[in-house]
Amino acid sequence: MKIAVTGVCASGKTTLVAGLRAAGYDAYNVAQEHSCIHNFWQKRHPDVLITIDARMPAIRQRRVVPWGEERLQVQHARLADARAHADLYIQTDDYTAAEVRQQVIAFLQSKAAEQARA
């Protein structure tokens, strides 16, 4: 199962993908927030699309960024198609990286169990 992960800068995409790979999942990061191609996330035909998000206060706690709310709004606009098609959306502000990873793994396990029953 190919798992694409999209999200705004500093939402935790790289950390989530690393954690999913360490757990044995075929996950990859899609830099959709940098692409004006609205369906760029579809390029590798993922089986599952995970979209994660963060607000400016959380982003600034995680990393120093030279941009503000205006750039974040641009990223959200670029991610609109991915968010609309996401199998799972998580606002990561109030979660640790481990908690986000656990939510995603629980979702993937549930999805795999559903597919096995079908």
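This is a predicted model: local features need pLDDT of at least 70, side-chain atom pairs count only at pLDDT 80 or more; totals for chains, interfaces and linings use all residues.

Residues are numbered from 1 along each chain as its sequence is written, and side-chain values use heavy atoms, with hydrogens and water left out.

Rolling a probe the size of a water molecule over the atoms shows where empty space is left. A pocket here is an open set of points on a 1 Å grid over the protein atoms alone, where a 1.4 Å probe fits, with protein on both sides within 12 Å along at least five of seven lines; lining residues have an atom within 4 Å of a point. The largest pocket holds about 300 Å³ of space, the volume being what is filled by probe spheres set on the points, which are joined across faces, edges and corners.

Which residues lie nearest the centre of the largest pocket? They are Ala10, Ser11, Gly12, Lys13 and Thr15, out of a lining of 20 residues. Two elements give two or more residues to that lining, helix H1 (13-22) and helix H5 (97-117); helices are DSSP runs of H or I with at least four residues, strands are E runs of at least two, and both are numbered from the N terminus. H1 provides the largest share, four residues.

Next, the charged pairs. Side chains of opposite charge can pair when their charged atoms come close. A salt bridge means a side-chain nitrogen of Lys or Arg within 4 Å of a carboxyl oxygen of Asp or Glu, and the count comes to two.

One joins Lys13 and Glu33, at 3.2 Å from N to O. Lys13 sits in H1 and Glu33 in the loop between strand E2 (26-29) and strand E3 (48-53), so the pair ties together parts 20 residues apart in sequence. Lys13 is buried at 7% relative accessibility, where buried means under 20%, exposed over 50% and partly exposed in between, with a 1.4 Å probe and protein chains only. Glu33 is buried too, at 4%.

The other joins Arg55 and Asp93, at 3.1 Å from N to O. Arg55 is partly exposed at 47%, whereas Asp93 is buried at 18%.

Last, Arg117 lies in H5 and counts as exposed, at 64% relative accessibility.
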